[in-house]
Amino acid sequence: MFKNFKKGGQRKPSKSSDSSADASSKGIGAPGPGPTSKSGVGAPVQNTVEPVVPPPMTHVEPLPLLGKSPAAERQNLFMRKLQICCFQFDFTDTLKSAREKEIKRQTLLELVDFIQSGTGKVAEACLGEMIRMVGVNIFRCLPPASHESSGTEVVDPDEEENYSEPSWQHLQIVYELLLRYVVSSDTDTKVAKRYIDHTFVLKLLDLFDTEDFREREYLKMVLHRIYGKFMVHRPLIRKSISNIFYRFIYETERHSGVGELLEILGSIINGFSMPMREEHKLFLMRALIPLHKTKQVGNYHQQLSYCIVQFVDKDYKLADTVIRGLLKYWPLVNCQKEVLFLGELEEVLEETQSAEFQRCMVPLFRKIARCLNSPHFQVAERALFFWNSEHIVSLIAENRQVILPIIFEALEKNIQSHWNTEVHGLTVNVRKMFSEMDAELVDECQKQLAEKQAKAREVAEQREMTWKKLEDAARK
């Protein structure tokens with residue numbers, strides 16, 4: 001990612017720097033630093049004059065290269081270059097201030113190279129200015145979302161044109177600079193947390209609502225690294241993400257970055273220690289499970305499902321809570337959402353133990369029975385795929401005395417009248433599986449079904465006779 005906009009910069013990077021850029025832009029790991037220093041990034045540089053904030057620049061002008069300047073002047077030159085990068089331009093007109101825009105772009109590239117190469121250490125006095133420059137560029141009022149400006153409903157992201165931030169050619173390098181600093185092994189978190197503070201993190205989280213997916217990807221990488229490196233920010237990040245989800249679920253139902261935030265949470269949940277804290281369980285019940293109720297769940301369901309399964313994998317006792325939550329928000333008329341829910345339910349059941357399964361199996365298989373008879377073949381087929389899982393089949397076999405009477409009628413109805421041949425074939429296989437498990441139970445269920453159908457016919461006949469009597473009485 002960084003290689004693409006690095007081309008044409010002022011200084012040719014080394015091979016190690018180039019490969020490090022690729023790794024970090026993909027979120028793989030921190031770039032390989034140059035010569036290490038015990039003082040770390042952000043510590044005052046020894047044998048140099050403490051940098052002084054220069055007076056504000058009134059216009060953009062090219063400055064000498066950092067690599068070619070004397071070591072004693074490098075920090076002050078770094079500060080001046082940061083001032084150049086604070087200038088804002090109008091990107092709606094590509095020809096306006098073209099020279100100044102290019103000078104700023106080249107300066108940003110040079111700063112990224114300076115941070116990642118390790119050839120020079122940044123004094124603490126410069127860090128405040130660098131973080132301020134980052135904030136000046138990335139913290140801004142986001143434009144109205146396309147559905148807000150046009151008044152249309154939110155559509156599938158695959159069907160709409162991707163929004164592109166006009167100033168991305170500068171923003172991308174600013175994000176790269178911030179990412180390089182955060183992931184650097186030389187970064188001293190004790191110094192850095194004075195500048196990357198709670199306010200900075202909250203503003204970063206606000207930017208996740210941008211419609212530019214490229215910016216959201218950078219925000220995801222930066223916030224993930226901040227969470228991993230700055231332990232002081234972890235509770236704030238978790239709480240703030242919860243608040244974003246609450247607002248999305250119960251107020252707006254519109255947010256562009258839910259999927260990216262869930263990706264970050266997937267990694268966070270994976271690192272939870274056991275026994276799990278009560279606050280984490282509350283987050284599951286109050287934020288993650290209700291995310292299934294929104295109309296846009298299809299846009300982020302893959303990430304949401306991963307988070308849910310991670311919780312059950314960490315603590316199997318949560319399986320009952322999760323399954324009942326899925327049943328609570330089960331879609332009534334949206335067949336595609338039903339397919340998603342069934343897929344997630346299967347993953348959860350794979351992690352479910354027998355005791356938790358028994359607590360929820362009655363309402364669960366009542367829902368599965370309705371899915372088996374769905375006229376939408378994908379829903380019925382997806383429900384029948386549960387019997388392909390050895391673990392789920394073992395749970396069903398252990399509790400067949402309760403489960404088979406619930407779903408037997410649905411199985412018989414599919415065999416007799418379902419229009420789809422695949423569904424019909426899968427249903428026959430499931431019924432055969434039950435016959436091999438317990439032939440007597442199948443016969444008993446068959447007998448009970450015959451009695452139920454006979455009673456239903458008798459009730460129907462009585463109803464028909466009553467209506468006929470009423471019609472005869474009306475004619476008189």
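Author: Helices are DSSP runs of H or I with at least four residues, strands are E runs of at least two, and both are numbered from the N terminus. S97 is found in the loop between α3 (71-84) and α4 (98-117). The model is predicted, so local features need pLDDT of at least 70 and side-chain atom pairs count only at pLDDT 80 or more, while totals for chains, interfaces and linings use all residues. Residues are numbered from 1 along each chain as its sequence is written, and side-chain values use heavy atoms, with hydrogens and water left out.

Reader: What does the secondary structure of the chain come to?

Author: The chain has 22 helices and zero strands.

Reader: Why does S97 count as partly exposed?

Author: Buried means under 20% relative accessible area and exposed means over 50%, with partly exposed in between (1.4 Å probe, protein chains only). S97 has 28% relative accessibility, so the residue counts as partly exposed. S97 also has a positive phi of about 55 degrees, although it is not a glycine.

Reader: Where is E253, and why is E253 called partly exposed?

Author: E253 lies in the loop between α11 (234-252) and α12. Its relative accessibility is 26%, so E253 counts as partly exposed. E253 is not a glycine, yet its phi is positive, at about 55 degrees.

Reader: What makes the peptide bond from M274 to P275 cis?

Author: Its omega is near 0 degrees. P275 is in the loop between α12 (258-270) and α13.

Reader: Why is T427 called buried?

Author: T427 has a relative accessible area of 0%, so T427 is buried. This residue belongs to helix α21 (residues 421-437). With contact meaning heavy atoms within 4.5 Å, T427 is in contact with L384, L411, N414 and I415, leaving aside its neighbours within four places in sequence.

Reader: What share of the chain counts as buried?

Author: Of the 476 residues, 48% count as buried. As for contacts between residues at least 6 apart in sequence, 76% join residues at least 24 apart.

Reader: How do you know that helix α15 is mostly covered?

Author: Seven of the 10 residues of α15 (residues 319-328) are buried. They are A319, D320, V322, I323, G325, L326 and L327. What covers them includes α13 (278-288), α14 (297-314), α16 (335-350) and α17 (354-372).

Reader: What makes α17 roughly parallel to α20?

Author: Axes are lines fitted to C-alpha atoms, for helices over the stretch in contact, and angles run from 0 to 180 degrees between N-to-C directions. On that basis α17 and α20 pack at about 5 degrees, with their axes 9 Å apart. That angle makes α17 roughly parallel to α20, since angles under 35 degrees count as roughly parallel, over 145 as roughly antiparallel, 65 to 115 as roughly perpendicular and the rest as oblique. In α17, F357, M361, V362, F365, R366, A369 and L372 meet V402, I403, I406, I407, A410, L411 and N414 in α20. These residues divide into 12 nonpolar, one polar and one charged. Ala, Val, Leu, Ile, Met, Phe, Trp, Tyr, Cys and Pro count as nonpolar, Asp, Glu, Lys and Arg as charged, and the others, Gly among them, as polar.

Reader: Why is α20 called oblique to α22?

Author: The axes of α20 (residues 400-417) and α22 (residues 439-475) come within 10 Å and cross at roughly 50 degrees. That makes α20 oblique to α22. From α20 the contact uses R400, Q401, L404, P405, F408, E409 and E412, and from α22 it uses L441, V442, C445, Q446, L449 and K452. By class there are seven nonpolar, two polar and four charged residues.

Reader: What makes a residue set a nonpolar core, and which residues have the most contacts inside the largest one?

Author: A nonpolar core is a set of buried Ala, Val, Leu, Ile, Met, Phe, Trp, Tyr and Cys residues joined through side-chain atoms within 4.5 Å. The largest such core has 134 residues, and F245 and L288 have the most contacts inside it. Helix α7 (residues 168-183) gives the largest share of this core, 11 residues. Not counting residues up to four places away in sequence, L288 touches F245, L262, L265, I269, F283, L304, C307, I308 and F311.

Reader: Which residues does R286 touch, not counting residues up to four places away in sequence?

Author: R286 touches Y246 and Y250 on that count. R286 is in helix α13. R286 and Y246 are 40 residues apart in sequence and 8.2 Å apart in space, C-alpha to C-alpha.
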